[in-house]
Structure formats: structure tokens, C-alpha cells
Amino acid sequence: MILPALVYLGIFFVVPFFTLARTSLSSSGGSIYLPTLTFDWNFGNYLHAFSAYQDQILRSFGYAFVATVLCVILAFPLAYVIAFKAGRFKNLILGLVILPFFVTFLIRTIAWKTILADDGWVVSALGAIGLLPDEGRLLSTPWAVIGGLTYNWIIFMILPLYVSLEKIDPRLIEASKDLYSSNTRSFTKVILPLSMPGVLAGSMLVFIPAVGDFINADYLGSTQTTMIGNVIQKQFLVVKDYPAAAALSMVLMAIILVGVLMYTRALGTEDLV
């Protein structure tokens, strides 16, 4: 019964992966209009990827980490309210949470570019209350990129957290209160540990695509906020240096894989939703 899935993975994952790996070890030739590849075990592509684009790699992981933390902080209260406090309005609130994400990713990002524009109401309001200096701006800053990443991927944090919290038996929380636990202690000793599978799943679902994202950095950032996804996209489609782009992709996948393995090992995956 798993044969169709294995065939699908073989065609659309294994074959492209080995093709990408082979390209990353090739040398490019020809012209930009008609590039050619020669497979010659060129590990210099990887050295070039680390040396030339180290800042973009570090920046991508930094932005993705901050966005993931913000997603946890913002999504947890909302998921908690939906799971425990919404009552008969639970499905309505879930629908309202999901509804904006039926809009295309690109349109939502461009909308944020309009909202954070220098002549927009957000900048004016923050400047009026002193949170932005004169001539201050939000667009084309790291915080605009991080904000875009947080907004565009937060849905993948809310849903796993909601599912994980909904599984918690309310009687466990009542029992903690009967044992004279405060609200804070009930949260840290009962709710948070039991919701960790949702935190783990949501963190991976947010962090992994956020690291490779290039749309938010392209529309909300500047040349000083370029992420590794922007570099890979331009190397593939503009410069057409396929070996360099493939090497960067392989490096990105390797770092993410190591990070995910360490993260899941630290938190455990036995009850992963």
C-alpha cells in the first residue's frame, strides 16, 4: 500500500535531490544564455558558498529564529483561547484565523509593503507616540522582513498548537488547581509540558520555510537584509550559475537537517502531532 507513496517520493524527491547534488559538484561553462555543466567533483563550489555568502546564511537563520520565537509568543495565547475558552465559537474563530491565508502569499506580502510604507498610517502612528524617530521608517529594515515572515507563517504555528492544546484533559488543570497551584504554576507544570509536541511541530513548520524564504526579503527588505533564498533565486534564474546555486541549496539543507535533528532530540518526538 505504500508503493505509490514511495514511487512519488522517488520521482519527485530522490531524483531531484541527487540531480541537485550532482549539479553542486559540477563546473559551469558556456555563456549566460546557453550555460553548460561538466561533472568533475568540484567541491570548490561549497567553499565558495561558505566564504562568499556567509552573511546571508547567518542572516537567514537569525531572521527565521526570531520569527519562530515571535510566532510561538503570538500563537500560543490565541491557540489557548480557541482550545479552552471559545466554546461554541471555536469553529468560527478557527475559520477567521485561516481565512486570510486563502489569499495568495505574494499579495499578502505586498499588502504589508503598503501598510509599512513611509507615508502609511503605521509609521505615522508610531512616530506620533515617539516609538520612531523623525525620518524613521519600518520598510526596508530587518524588522519589516521579520514581521513579514512572522505573519506569513504564523498559521503553521497556530494550528499545531491548537491541536496539541485541545488534547489536554481539562481535569488535569482542575486537579492542579485543587492542589493549590497558581495559574502560572498550572501553566508551567501542566499546560506547557503537554503542549510541547505542538510547539515542536509548529516551530519546524515555521522555521524551515522561513529560512529559505525570499519573497519577504525581496519586497519588505533592502540590499542589507538579503537572505540566502534571494541569493539562490538570483543564482538560478538571473546569473544562471547553477553549480553555485545548487551548492548553496545543499549547504542550506544540511544545516537545517542538523539543526532539526538537534532540536527534536532535545524536545523529543514521541508525542509529535
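Me: How much space lies in the largest pocket, and what makes a set of points a pocket?

Reply: About 200 Å³ of space lies in the largest pocket. On a 1 Å grid over the protein atoms alone, a pocket is an open set of points where a 1.4 Å probe fits, with protein on both sides within 12 Å along at least five of seven lines. The volume is the space filled by probe spheres set on those points, which are joined across faces, edges and corners. This is a predicted model, in which local features need pLDDT of at least 70 and side-chain atom pairs count only at pLDDT 80 or more, while totals for chains, interfaces and linings use all residues. Residues are numbered from 1 along each chain as its sequence is written, and side-chain values use heavy atoms, with hydrogens and water left out.

Me: Which residues line the largest pocket, and what makes a residue part of a lining?

Reply: A lining residue has an atom within 4 Å of a grid point. For the largest pocket these are Phe65, Thr68, Val69, Val72, Ser203, Met204, Phe207, Gly259, Val260 and Tyr263. Two or more residues each come from helix H3 (54-85), helix H11 (196-211) and H14. H3 gives the most, with 4 residues. Helices are DSSP runs of H or I of at least four residues, strands are E runs of at least two, and both are numbered from the N terminus.

Me: How do you know whether the span of H11 agrees with expectation?

Reply: The expected span is 1.5 Å times one less than the number of residues. H11 has 16 residues, so it should span 22 Å; its end C-alpha atoms are 22 Å apart, which agrees. Helix H8 (residues 155-166) has 12 residues and reaches 16 Å, close to the 16 Å expected.

Me: What do the buried residues of H11 pack against?

Reply: They pack against H3, H7, H8, H10, H13 and H14. Among the buried residues of H11 are Pro197, Leu200, Ser203 and Met204. The buried residues of H8 pack against H3, helix H4 (90-98), helix H7 (142-153), helix H10 (183-194) and H11.

Me: Why is Leu267 classed as it is for accessibility, and what is it in contact with?

Reply: Its relative accessibility is 35%, so Leu267 counts as partly exposed. Leu267 lies in H14 (residues 242-267). Contact means heavy atoms within 4.5 Å. Leaving aside neighbours within four places in sequence, Leu267 is in contact with Met196 and Leu200. Leu267 and Pro197 are 70 residues apart in sequence and 8.3 Å apart in space, C-alpha to C-alpha.

Me: What makes the phi of Trp41 worth a look?

Reply: Most residues other than glycine have a negative phi. Trp41 is not a glycine, yet has a positive phi of about 55°. Trp41 sits in the loop between strand S2 (35-39) and helix H2 (44-52). With a relative accessible area of 55%, Trp41 is exposed. Tyr180 also has a positive phi, near 65°. Tyr180 lies in the loop between helix H9 (170-178) and H10. At 78%, Tyr180 is exposed.

Me: How do you know what the chain forms over the annotated residues 244-263?

Reply: The unreviewed UniProt entry annotates "transmembrane region" at residues 61-84, 91-111, 143-165, 186-211 and 244-263. Positions are in the numbering used here, feature names are shortened, and annotations may be inferred rather than shown by experiment. In the model, residues 244-263 are 100% helix and 0% strand. Residues 143-165 are 96% helix and 0% strand.

Methods:
Buried means under 20% relative accessible area, exposed over 50%, partly exposed in between (1.4 Å probe, protein chains only).
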